[in-house]
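Please walk through the following model from its overall make-up down to individual side-chain pairs.

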Amino acid sequence: MMTASWVLEKQDQDKLRLCQFLTSQVADFVTIRHLLAELGWTRYRFGQALAG
């Protein structure tokens, strides 16, 4: 499947990436620490993705 996420603004790209990451997980839960490590994000960037 081809996506055109590059045309989205940075905040929207982050929201999409977060959603894709979470939906790809098979575990019942994901820790914030694991999520930050996998995405290479800071806590601030994660907060911005949630707030945006």
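Predicted model: local features only at pLDDT ≥ 70, side-chain atom pairs only at ≥ 80, totals over all residues.

Residues are numbered from 1 along each chain as its sequence is written, and side-chain values use heavy atoms, with hydrogens and water left out. The predictor's confidence in each residue is given as pLDDT, on a scale from 0 to 100. For the protein chain the mean pLDDT is 90, and 94% of the residues reach 70 or more. Confidence is lowest in α1, with a mean of 93, and highest in α2, at 96.

The protein chain holds three helices and zero strands, running α-α-α from the N terminus on. Helices and strands here are DSSP runs numbered from the N terminus (helices are H or I with at least four residues, strands E with at least two). The C-alpha trace spans about 30 × 25 × 15 Å along its principal axes. A residue is called buried under 20% relative accessible area, exposed over 50%, and partly exposed in between (1.4 Å probe, protein chains only). By that scale, buried residues make up 17% of the 52 residues in the protein chain. A contact means heavy atoms within 4.5 Å. Among contacts between residues at least 6 apart in sequence, 33% join residues at least 24 apart.

Helix α2 covers residues 32-39. Which of its residues are buried? In α2, Leu-35, Leu-36 and Leu-39 are buried. Viewed down the axis of α2, the buried residues fall within an arc of 95 degrees, so they line one face of the helix. The arc is taken over the directions from the helix axis to the C-beta atoms. Cover for the buried residues of α2 includes α1 and α3. The face of α2 turned away from the buried side carries Arg-33 and Ala-37, which are exposed. His-34, also in α2, is partly exposed at a relative accessible area of 34%. Not counting residues up to four places away in sequence, His-34 touches Phe-21 and Gln-25. Just after α2, Gly-40 takes a positive phi of about 70 degrees.

Next come the charged pairs. Side chains of opposite charge can pair when their charged atoms come close. A salt bridge is a side-chain nitrogen of Lys or Arg within 4 Å of a carboxyl oxygen of Asp or Glu. How many salt bridges does a search of the whole structure find? The search finds three salt bridges.

Asp-14 takes part in a network of salt bridges that links Lys-10, Asp-14 and Arg-45. Asp-14 is found in helix α1, residues 10-24, and counts as buried at 9% relative accessibility. Its salt bridge with Lys-10 has an N to O distance of 3.8 Å. Lys-10 and Asp-14 both lie in helix α1, four residues apart, about one turn of the helix. The side chains of Arg-45 and Asp-14 meet in a salt bridge at 2.8 Å, N to O. Because Arg-45 lies in helix α3 (residues 43-51) and Asp-14 in helix α1, the pair ties together parts that are 31 residues apart in sequence. Arg-45 counts as partly exposed, at 25% relative accessibility. Leaving aside residues up to four places away in sequence, Asp-14 touches Trp-41, Arg-45 and Ala-49.

Another salt bridge joins Lys-15 and Asp-12, whose closest N and O atoms are 3.5 Å apart. These two residues are three apart in helix α1, and therefore separated by about one helical turn. Lys-15 is partly exposed, with a relative accessible area of 29%, and Asp-12 counts as partly exposed at 32%.

Finally, the surface. Accessible areas come from the Shrake-Rupley method with a 1.4 Å probe; for residues, only the protein chains shown count as cover. The accessible surface of the protein chain comes to about 4,300 Å², of which 57% belongs to carbon and sulfur atoms. Trp-6, Val-7 and Leu-8 make a nonpolar surface patch of about 350 Å². Patches consist of residues with over 30% relative accessible area and no salt bridge, with like charges joined within 9 Å and nonpolar side chains (Val, Leu, Ile, Met, Phe, Trp, Tyr) within 5 Å. Val-7 sits in the segment before α1 and is exposed, with a relative accessible area of 53%.
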